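Student: I have a model open and want to learn how to read its features. Can we take them one at a time?
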Amino acid sequence: MSIKRAAAIVGVGDVELEKGKVKHGHSVLQIQAIAAKRALEDAGLSKDDVDGIFVAGLWGLPGIGSFPSVVVSEYLGIQPKYTDSTQIGGSAFEAHVGHAAAAIQSGLCEVALILYGSTQRSEKSRTLAGRPPVLTAQYETPYGLPSPAGAYAMAAHRHMHQYGTRPEQLAEIAVATRKWAQLNPHATMRDHLTIEDVLTSPMICDPLHLLDCCLVTDGAGAIVLVSAERAKDCRKKPVWVLGQGESHSHWSIQAMPDLTVTSAAVSGKRAFEMAGVTHDEIDVVQIYDSFTITVLLTLESLGFCKSGEGGDFVSNQRTAPGGDFPLNTNGGGLSYAHPGMYGIFLLIEAVRQLREEAGERQVKNSKISLVAGTGGTLSSTSVVILGRD
Amino acid sequence: MIEKPLPIPDGDSDVFWQGCKEHKLLIQKCEDCSSYIFYPRVLCPNCFSEKVEWVQSSGVGKVYSFTIARRPGGPAFKDEVPYVVALIELEEGVRMLSNIIDVDVDKVDCDMPVEVVFQVEGDFTLPKFKPRAI
C-alpha cells in the first residue's frame with residue numbers, strides 16, 4: 001500500500017520571531033491561528049475548505065493541551081470530519097503528513113490543516129529537568145539526567161567510542177548550519193561561527209557543548225495538504241508527498257536498543273521504497289537538528305553513509321552553502337529557531353526550497369527533498385520525501 | 001533547597017524498590033524464553049509470557065555510555081554538578097540508567113567495569129554504581 005502522490009502540500013505558513021520570541025506577546029493559540037490563516041492564503045483556500053485537522057504541541061499542560069486538535073479547531077471555528085492529535089515528539093508533523101495523505105487517499109478528508117505552536121521562550125518554561133518520576137520515568141528522573149541533552153550526549157559518547165568520531169566533526173554540522181542561517185533573514189542566530197567557537201563554548205553534557213545544542217525559541221507553523229483533485233485549483237503549484245514512513249524504538253534512553261542507530265533506519269527505508277527514489281536523486285535534505293549528534297546519527301540511519309562514517313561525511317563543510325550536500329537550509333534548529341517540537345519547520349523549508357521561494361539560500365533546481373524528523377530522546381522518527389512536477 | 005525527585009512506586013516497581021532497600025538489585029527473568037528484563041513489567045516484552053520471575057542481579061556490569069552533567073538536570077541537582085549519569089549494561093544483559101559515584105568524573109569511559117552500590121535518598125535506596133577493580 002502506498003500513498004505516493006495521493007496528496008500535495010499546497011500551503012505553508014509561519015510567524016516571524018524577534019530574538020527568538022513571538023511578537024506582541026501573542027499567545028500560543030494566537031500564533032497558531034495566524035500561521036493557519038497564512039498557510040490557507042498561500043494555498044488560495046479558505047477556512048471553510050478545511051475538513052481534516054492535525055495538531056500536536058506541548059502547550060496548555062496539564063489541562064486543555066491534552067486535546068490539541070479539539071481545542072485548536074474550536075478556536076479557529078472548524079468542525080472537522082477527520083481529527084488527529086498524534087504526539088510522538090518533534091517528528092509528529094512528518095507523521096501527520098503521512099496520516100493526512102492516507103486519509104485523503106481514502107476519501108476521509110480533502111483539505112488537511114497541520115498546525116503547531118509554542119511560546120516556550122516567552123514563558124521561560126523550558127528547563128533541563130526530567131519528567132515526573134512516575135511509571136517508566138521513575139527509573140530515570142531520580143538520577144538527574146539533563147533532559148533531553150544528557151540522552152543525546154550519551155549517544156554521542158557511544159558513537160565516539162565505537163567509531164572514533166571527534167567533537168570537531170560534530171562542530172562541522174553546527175558551523176555549516178550557521179552559514180545557511182546567515183542567508184536567512186528570519187533566522188535567530190546569524191553571527192559568524194567557527195569550529196573553534198563551538199569547541200570552546202561551555203560544556204553542557206559531555207561531549208556536547210552549548211553550540212552543539214539547538215536554540216530555545218518560540219514559533220508557529222502550518223501546512224495545508226490537499227487531494228490531487230483539489231490541488232488543481234490551488235494558488236501555488238503542488239509539492240507532492242512521494243513517500244513517508246514512521247517508527248519509534250523506545251521512549252526512555254535506557255530502552256534504546258543501539259545508541260548509534262535511530263528508527264530512521266525503518267521509517268527512512270519505507271519512505272524511500274514508497275517514493276521509488278534513490279539517495280542520489282535527493283536534491284536538498286532537512287534533518288531534525290535538536291543536537292549535532294542527531295544529524296549525524298540520522299544521516300547514517302537513513303543510509304546516506306555507512307554506520308560510523310557520519311563524521312567523515314559532514315567534514316570539510318560538505319553540508320554548508322556551496323557544498324555538495326545542502327542540509328538544513330533555513331539554518332535549522334541550531335540557528336534558525338527551535339520551539340520544542342521542530343519537525344513542522346523542516347517541512348515548511350522543504351516546500352519553500354521546492355517552490356524556489358527560498359531567496360538567497362535557494363538551492364538551484366531542487367526537485368526532490370527529504371525531510372527526517374526525530375522526537376523524544378532519539379525515540380521516534382518520521383521521514384517524508386517530497387517532490388515537485 | 002529543592003528536594004530531589006524520588007520514585008513513585010507502582011505495581012510494577014514495588015518489589016524492585018524494596019529489594020534496593022535490602023541491598024539487592026532485582027531484575028526479572030522470563031521463565032518461558034529466559035530473557036532478562038529491566039525495567040520490571042507484568043509480562044515479557046520478548047515473548048509476551050506472563051511468567052516473569054524476580055532474580056537477583058550480580059550487580060556487576062560495564063558502562064555502555066555516559067555523560068557528565070555540567071548543568072543540572074533540574075534545580076534539585078544544582079549542588080551536584082559535575083556528576084556522571086550513565087547507562088549500565090549489567091552482565092545479565094539488561095541496561096539501566098544510574099549515576100557513577102566515588103569517581104573522578106573525567107576518568108569515566110565507555111566499557112568501564114562497574115559494580116552496584118546502594119545509596120539512601122530520602123525514603124528510598126537508589127542503585128548506583130562505582131568503578132570495579134578487575
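Tutor: Start with empty space. Rolling a probe the size of a water molecule over the atoms shows where empty space is left. This is a predicted model. The largest cavity lies between domain 1 (7-125 + 218-242) and domain 2 (145-214 + 244-388) of chain A, because both domains give residues to its lining.

Student: How many cavities of 30 Å³ or more does the structure hold?

Tutor: The structure holds 1. The volume of the largest cavity is about 30 Å³.

Student: Which residues line the largest cavity?

Tutor: V15(A), L17(A), D218(A), G219(A), A220(A), Y336(A), A337(A), P339(A) and F345(A) form the lining. Sort that lining by class and you get 7 nonpolar, 1 polar and 1 charged residues.

Student: What should I know about the two domains themselves?

Tutor: Chain A is divided into domain 1 (7-125 + 218-242) and domain 2 (145-214 + 244-388). Taken over C-alpha atoms, the centres of domain 1 and domain 2 of chain A are separated by 23 Å. Their contact takes 44 residues from domain 1 and 39 residues from domain 2.

Student: Next, the core. What is the general idea?

Tutor: In soluble globular proteins, nonpolar side chains tend to be buried together. Here, the largest nonpolar core has 165 residues. The members that touch the most other members are L113(A), L225(A), F304(A), L370(A), I385(A) and L386(A). Helix 1 (residues 28-43) of chain A gives the largest share of this core, 9 residues. Domain 1 (7-125 + 218-242) and domain 2 (145-214 + 244-388) of chain A each supply at least three residues to this core.

Student: Take one of those members. What does L225(A) touch?

Tutor: Leave out residues up to four places away in sequence. L225(A) then touches A7(A), A8(A), I9(A), V97(A), A100(A), A101(A), I104(A), E110(A), V111(A), A112(A), I114(A) and V241(A).

Student: Now single residues. Is N328(A) buried or exposed?

Tutor: Compare its relative accessibility with the cut-off. Buried means under 20%. N328(A) is at 1%, so it counts as buried. N328(A) sits in the loop between helix 11 (310-314) and helix 12 (332-336) of chain A. Beyond its neighbours within four places in sequence, N328(A) is in contact with T177(A), W180(A), V285(A), Q286(A), I287(A), D289(A), V295(A) and L346(A).

Student: And C305(A): buried or exposed?

Tutor: C305(A) has a relative accessible area of 11%, so it is buried. Its place is the loop between helix 10 (292-302) and helix 11 of chain A. Not counting residues up to four places away in sequence, C305(A) touches L299(A), E300(A), G310(A) and F313(A). For a C-alpha to C-alpha distance, take C305(A) and H279(A): 26 residues apart in sequence, 9.9 Å apart in space.

Student: Let us move to chain B. Where is I8(B)?

Tutor: I8(B) is in the segment before helix 1 (14-21) of chain B. I8(B) counts as partly exposed because its relative accessibility is 45%. With residues up to four places away in sequence left out, I8(B) touches P133(A), V134(A) and Q138(A). Between the C-alpha atoms of I8(B) and G73(B) there are 18 Å, and the two are 65 residues apart along the chain.

Student: On to the backbone. Where do I find cis peptide bonds?

Tutor: Check omega. A cis peptide bond joins L61(A) and P62(A), with omega about -10°. P62(A) is in the loop between strand 4 (52-55) and helix 2 (68-76) of chain A. In chain B, V81(B) and P82(B) are joined by a cis peptide bond with omega about -5°. P82(B) belongs to the loop between strand 4 (60-69) and strand 5 (83-90) of chain B.

Student: And phi? Which residues should I look at?

Tutor: Look for a positive value in a residue other than glycine. R5(A) has one, with phi near 60°. R5(A) is placed in the segment before strand 1 (7-14) of chain A. The relative accessible area of R5(A) is 39%, so it is partly exposed.

Student: What is phi for D111(B)?

Tutor: Phi of D111(B) is positive, about 75°, although D111(B) is not a glycine. D111(B) lies in the loop between strand 6 (95-100) and strand 7 (113-121) of chain B. At 33% relative accessibility, D111(B) is also classed as partly exposed.

Methods: Residues numbered from 1 in each chain as written. Chains lettered and ligands numbered in written order. Predicted model: local features only at pLDDT ≥ 70, side-chain atom pairs only at ≥ 80, totals over all residues. Heavy atoms only, no water. 1 Å grid on protein atoms, 1.4 Å probe; cavity = no way out; pocket = protein on both sides within 12 Å on 5 of 7 lines; lining within 4 Å. Points joined across faces, edges and corners; volume = space filled by probe spheres on them. Nonpolar A, V, L, I, M, F, W, Y, C, P; charged D, E, K, R; others polar. Domains from an automatic or database assignment. Core = buried A, V, L, I, M, F, W, Y, C linked by side-chain atoms within 4.5 Å. Buried < 20%, exposed > 50% of the residue type's maximum accessible area, 1.4 Å probe, protein only. Helix = DSSP H or I, 4+ residues; strand = E, 2+ residues; numbered from the N terminus. Contact = heavy atoms within 4.5 Å.
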